[in-house]
Amino acid sequence: MELSDGRAIRNGVETDPNGKVIAYWISNKHPNSTIPQGHITQWARVEAQNPVSGLPNVLFVMDAERAEQYRGVPYLAPVIEQVKQMDRYAEAEIAAAIINSFFAAFITRKEGAKNEIPFTNPIPESEQLKLSPEERLSSYELGPGTINMLAEGEEVTFGDPTHPNAGFDSFTKIMAQLAGAALDMPYEVLLSVFNSSYSASRAALLQAWRSFRDRRDWFSHDFCQPTYETWLFEAVATGRIKAPGFFSDPVMRKLWSQAIWIGPSPGQIDPEKEVDAAVKRINNGFSTHERETAELTGMDWDSNIDVLTREWEARRTCHKHIFRA
């Protein structure tokens, strides 16, 4: 919707004449909701930033792929139809396999033979001895070690089920590879299957984590950091945290608000090789203890040093007591 002063509202996002987001329109229910009548849809305008503090009023977390994209695209949008069709195909294959399993054997009759249904309900063992020879010939059962006598003109043909389809595994693997390529994720990681060599598995994991780190950095920048800055602003304003120059100098405020978002570590396929590579990077100045600790274990190197120092002092004290004794 275009407004008279140059502003525009598109999908609940209000922009100024230059295209900058200035407000969000939030509804009390979804426009297509099936809530009973009597609940009138109401819209509330919320400014994007607080005019007093300058902090965001709304954290609209999305990964913009191009300019002027004010609402994000779902992560699975490129493959959502493909995933749905794969789910339907898997269900159809399972149903076909179950149906095929019902057909164990068929009795074929030559022309002129009686057209009767040979397979009936199982006959209890106590009743089988009471059957006449004619009744035994007209009754067939399937079971371990069963011997059936066929009447004249009858033959047995066993079913040859074609399901599960022999190509089901290779087909789903190819589809997973296509889905992974669209999502920038190797299919080994997508299916959690690492049956290749160490080098191939590690290459797949590294390729996936490049994408994971990009998305994690984006999420930290758009959600974690603004949330932390809002909390810190309130803490300093109420006096719970002392931060000289926080409100008087924007540079000092930015310095006080700095944070490092580590997140979980990717894990290691071969921990010994990973640690050896980390040591070599540190020794040659390609990386730091802090970065390698965060990437290998997701922990903080400074905290590790503090704990190791405390443990070392405790061990020294313990050894002194042992030697004195």
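## Salt bridges in the predicted model

Eight salt bridges are counted in this predicted model, a salt bridge being a side-chain nitrogen of Lys or Arg within 4 Å of a carboxyl oxygen of Asp or Glu. Side chains of opposite charge can pair when their charged atoms come close.

The model is predicted: local features need pLDDT of at least 70, side-chain atom pairs count only at pLDDT 80 or more, and totals for chains, interfaces and linings use all residues. Residues are numbered from 1 along each chain as its sequence is written, and side-chain values use heavy atoms, with hydrogens and water left out.

## The open sheet

An open sheet is formed by four strands in the order β1-β2-β3-β4, with antiparallel pairing. Its edge strands, each pairing on one side only, are β1 (8–10) and β4 (43–47). On average, neighbouring strands of the sheet are turned by 25 degrees against each other, direction ignored; the axes are lines fitted to C-alpha atoms, for helices over the stretch in contact, and angles run from 0 to 180 degrees between N-to-C directions.

Strands (E, at least two residues) and helices (H or I, at least four) are DSSP runs, numbered from the N terminus, and two strands pair if DSSP finds at least two bridges between them. Three bridges join β1 to strand β2 (residues 13–15) in the antiparallel sense. Within β2, E14 stands opposite I9.

A network of salt bridges links D5, R7, E14 and R45.

E14 is buried, at 0% relative accessible area, whereas R45 is partly exposed at 39%. Here buried means under 20% relative accessible area, exposed over 50%, and partly exposed in between (1.4 Å probe, protein chains only).

## Salt bridges within helices

In helix α9 (residues 289–297), R291 and E295 are four residues apart and thus separated by about one helical turn. The two form a salt bridge whose closest N and O atoms are 3.7 Å apart. R291 is exposed, with a relative accessible area of 51%, while E295 is partly exposed at 29%.

Helix α10 (residues 301–324) holds E313 and R316, three residues apart and separated by about one helical turn. Their side chains meet in a salt bridge of 3.5 Å, N to O. E313 is partly exposed, at 38% relative accessible area, and R316 is partly exposed at 40%.
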